[in-house]
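Reader: Please walk me through this model. I want cut-offs and values.

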Amino acid sequence: MIAGAGSRRWWITGLVTIGVLFVAVTGWKLRPEYQHYKEQRALRLAQEFFAKGDYRSGLLSLRQTLALNPDNATAVTLMADFTAQAQSPAALGWWQRVVALMPTPENKSLLAAVALRLEPPPFPIATETIQGLAAAGASNVSYHLLASQMALKSNDGDTAEFHL
């Protein structure tokens, strides 16, 4: 009778150990999916809060999204838009991150526009970005508008007139 009780105890201990290991391994394997779910949920909430005008909650959800994935292009773009609308000096850094993640001509144009608004003369980031846009295509209307704005801010009327 005593030998049977000890054998049963070992079986129960073994089954419990296997069950705990199964739950731990399954949880570890599902962790990336759960992180992705949390990231997408926080991003969705941020978009909903911004749409309702609740900027405080939207910013909190956006920060949670960026904490989970700093390279989430949608979240970085939302943060760049938010900081640009708030006239924050941080907008320049956020738009640089947007361009690093998605180097499209539209994003580069938006970076140059923000840089022209927020940077002090001689506008190093705006100058570099506008020169990069010139290399991509001088027939681009946004390039000529940005180049003319830069010329006007630099008191160069002839160059501004040429681009307009």
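Author: Helix α5 has 14 residues, which at 1.5 Å a residue should span 20 Å, and its end C-alpha atoms are 20 Å apart, which agrees. The expected span is 1.5 Å times one less than the number of residues. Helices are DSSP runs (H or I, at least four residues), numbered from the N terminus. The model is predicted: local features need pLDDT of at least 70, side-chain atom pairs count only at pLDDT 80 or more, and totals for chains, interfaces and linings use all residues. Residues are numbered from 1 along each chain as its sequence is written, and side-chain values use heavy atoms, with hydrogens and water left out.

Reader: What covers the buried residues of α5?
Author: Buried means under 20% relative accessible area, exposed over 50%, partly exposed in between (1.4 Å probe, protein chains only). The buried residues of α5 are Asn107, Ser109, Leu111, Ala112, Val114, Ala115 and Leu116. Contact means heavy atoms within 4.5 Å. The cover includes α3, α4, α6 and α7.

Reader: Which residues form a nonpolar patch on the surface, and with about what accessible area together?
Author: A patch takes residues with over 30% relative accessible area and no salt bridge; like charges are joined within 9 Å, nonpolar side chains (Val, Leu, Ile, Met, Phe, Trp, Tyr) within 5 Å. Areas come from the Shrake-Rupley method with a 1.4 Å probe; for residues, only the protein chains shown count as cover. Val20, in helix α1 (residues 2-52), is exposed at 53% relative accessible area. The patch is Ile12, Val16 and Val20, with about 280 Å² together.

Reader: Which side chains meet in a salt bridge, and at what N to O distance?
Author: The rule asks for a side-chain nitrogen of Lys or Arg within 4 Å of a carboxyl oxygen of Asp or Glu. By this rule the count is one. Both partners lie in helix α1, four residues apart, about one turn of the helix. They are Arg44 and Glu48, at 3.5 Å.

Reader: Are Arg44 and Glu48 buried, partly exposed or exposed?
Author: The relative accessible area of Arg44 is 41%, so Arg44 is partly exposed. For Glu48 the value is 36%, so Glu48 too counts as partly exposed.

Reader: How are the rings of Tyr55 and Phe82 paired?
Author: Rings of Phe, Tyr and Trp (its six-membered ring) pair if their centres lie within 6.5 Å; planes under 30 degrees apart count as stacked, over 60 as edge-to-face and the rest as tilted. The structure holds four aromatic pairs. In the pair of Tyr55 and Phe82, the centres are 6.1 Å apart and the planes 40° apart, which makes it tilted.

Reader: Which parts does that pair tie together, and which cluster do ring pairs form?
Author: Tyr55 lies in helix α2 (residues 55-68) and Phe82 in helix α3, so the pair ties together parts 27 residues apart in sequence. Ring pairs link a cluster of Phe50, Tyr55 and Phe82.

Reader: Where does Gln87 lie, and what is its phi?
Author: Gln87 is in the loop between α3 (73-85) and α4 (91-101). Gln87 is partly exposed, at 46% relative accessible area. Although Gln87 is not a glycine, its phi is positive, about 60°.

Reader: What is the phi of Asn155?
Author: Asn155 lies in the loop between α7 (141-153) and α8 (157-163). At 73% relative accessibility, Asn155 counts as exposed. Its phi is positive in a residue other than glycine, near 60°.

Reader: Which peptide bond is cis, and what is omega?
Author: Pro122 lies in the loop between α5 (105-118) and α6 (124-136). The cis bond runs from Pro121 to Pro122, with omega near 15°.

Methods
Helices (H or I, at least four residues) and strands (E, at least two) are DSSP runs, numbered from the N terminus.
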